[in-house]
Amino acid sequence: FILRDRQSVRVLSRICTHQACLLQFDSAERELVCPCHGAAFDLNGQLIPGYYLGSLPSLPAYDVRIADGTVYVRA
């Protein structure tokens with residue numbers, strides 16, 4: 001996921017840290033949700049308590065830079 005907040009841009013993995021399912025963006029709740037088991041992550045990649053019983057690692061973040069209006073991601 002490429003997340004832009006005014007002038008800053010960050011990139012988070014779209015792959016859940018539990019079962020490697022592809023996360024989906026819930027625009028109403030502004031969170032990243034796993035369709036396989038219901039875990040939800042905030043837009044900083046942290047697990048949101050209450051959706052999943054147990055703990056999961058945070059979503060990996062990637063290095064990102066913007067040059068001449070183009071977003072470059074190093075995975």
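What follows is a chat about cysteines, a charged pair and the nonpolar core.

Analyst: Before we start, this is a predicted model, where local features need pLDDT of at least 70 and side-chain atom pairs count only at pLDDT 80 or more, while totals for chains, interfaces and linings use all residues. Residues are numbered from 1 along each chain as its sequence is written, and side-chain values use heavy atoms, with hydrogens and water left out.

User: How many disulfides are there?
Analyst: The count is 1 disulfide, taking a disulfide as a pair of cysteine sulfur atoms within 2.5 Å. Cys21 and Cys36 form it, with their sulfur atoms 1.9 Å apart, and the link is left-handed, with -100° about the S-S bond. The pair links distant parts of the chain, 15 residues apart, since Cys21 lies in the loop between β2 (8-12) and β3 (24-26) and Cys36 in the loop between β4 (31-33) and β5 (40-41); strands here are DSSP runs (E, at least two residues), numbered from the N terminus.

User: Is Cys21 buried or exposed?
Analyst: Cys21 is buried, at a relative accessible area of 12%, whereas Cys36 is partly exposed at 43%. Buried means under 20% relative accessible area, exposed means over 50%, and partly exposed is in between, using a 1.4 Å probe and protein chains only.

User: Switching topic, which residue pairs with Asp63 in a salt bridge?
Analyst: Arg74 does, with the closest N and O atoms 2.9 Å apart; a salt bridge is a side-chain nitrogen of Lys or Arg within 4 Å of a carboxyl oxygen of Asp or Glu. Asp63 is in strand β6 (residues 61-67) and Arg74 in strand β7 (residues 70-74), 11 residues apart. A search of the whole structure finds 1 salt bridge. Asp63 is partly exposed at 47%, and Arg74 is exposed at 59%.

User: Which residues touch the most other members of the largest nonpolar core?
Analyst: Of its 13 residues, those are Leu23, Leu32, Cys34, Ala39 and Phe41, where a nonpolar core is a set of buried Ala, Val, Leu, Ile, Met, Phe, Trp, Tyr and Cys residues joined through side-chain atoms within 4.5 Å.

User: What is Phe41 in contact with?
Analyst: Leaving aside neighbours within four places in sequence, the contacts of Phe41 (heavy atoms within 4.5 Å) include Cys16, Leu23, Leu32, Ile48 and Leu59.

Key. Helices (H or I, at least four residues) and strands (E, at least two) are DSSP runs, numbered from the N terminus.
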